Amino acid sequence: MGLRFLPIIVIMFLHWAVAGIDRGRLHASDIVPALLEGIALVLFGLAWIVLLWAMHVNWFFSSIPRIQSERGHVVITTGPYRFVRHPGYTAALVAAVTSGIALGSWISTFIAPVALALLVWRTTVEDRMLRRDLPGYPEYVSRVRYRLVPGIW
């Protein structure tokens with residue numbers, strides 16, 4: 001299951017590489033206002049804090065979606081998992097949207113929608129797998145209704 005998610009990682013690295021080339025060499029779109037760049041940098045940093053928080057409370061957090069039966073996989077309901085079912089993906093979505101702007105490159109922000117679509121797709125696939133294979137997850141879904149954005153979706 002893991003290799004089919006490789007495009008997400010490739011797109012994210014491409015996104016950062018384009019920002020670096022644009023800002024460092026080409027200067028094609030590196031006219032992001034400093035205030036906007038600063039706001040994006042703060043949001044990018046907050047996204048990483050949420051991602052690290054999700055990783056800290058979820059001992060089963062993994063780059064490859066799978067049920068870790070050998071480790072006694074259970075549903076995590078603490079920390080950011082109280083608000084959304086996939087806080088790591090929420091953080092990744094915010095990071096994808098803000099990183100190009102934080103790096104000062106408008107061009108790299110055009111890659112972000114591809115990353116967003118792939119991350120939403122991956123979240124959908126993972127949520128389906130957890131509902132089907134992780135004991136207690138359907139009950140958790142009934143308590144925590146939102147997959148990615150509290151109060152919205």
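Author: Arg66, at 37% relative accessibility, counts as partly exposed. This is a predicted model, in which local features need pLDDT of at least 70 and side-chain atom pairs count only at pLDDT 80 or more, while totals for chains, interfaces and linings use all residues. Residues are numbered from 1 along each chain as its sequence is written, and side-chain values use heavy atoms, with hydrogens and water left out.

Reader: Why is Arg66 called partly exposed?

Author: Buried means under 20% relative accessible area, exposed over 50%, and partly exposed in between (1.4 Å probe, protein chains only). The 37% of Arg66 falls in between, so Arg66 is partly exposed.

Reader: What makes the contact of Arg66 and Glu70 a salt bridge?

Author: The term requires a side-chain nitrogen of Lys or Arg within 4 Å of a carboxyl oxygen of Asp or Glu. For Arg66 and Glu70 the N to O distance is 3.1 Å, so the pair qualifies. Glu70 itself is exposed, at 55% relative accessibility.

Reader: How do you know that Asp127 is buried?

Author: Its relative accessible area is 1%, which is under 20%, so Asp127 is buried. Asp127 forms a salt bridge with Arg131, their closest N and O atoms being 3.1 Å apart. Arg131 is partly exposed at 40%.

Reader: Which residues are linked with Asp127 and Arg131 in a network of salt bridges?

Author: Arg85 and Arg147 are linked with them in that network.

Reader: How many salt bridges does the structure hold?

Author: The structure holds 6 salt bridges.
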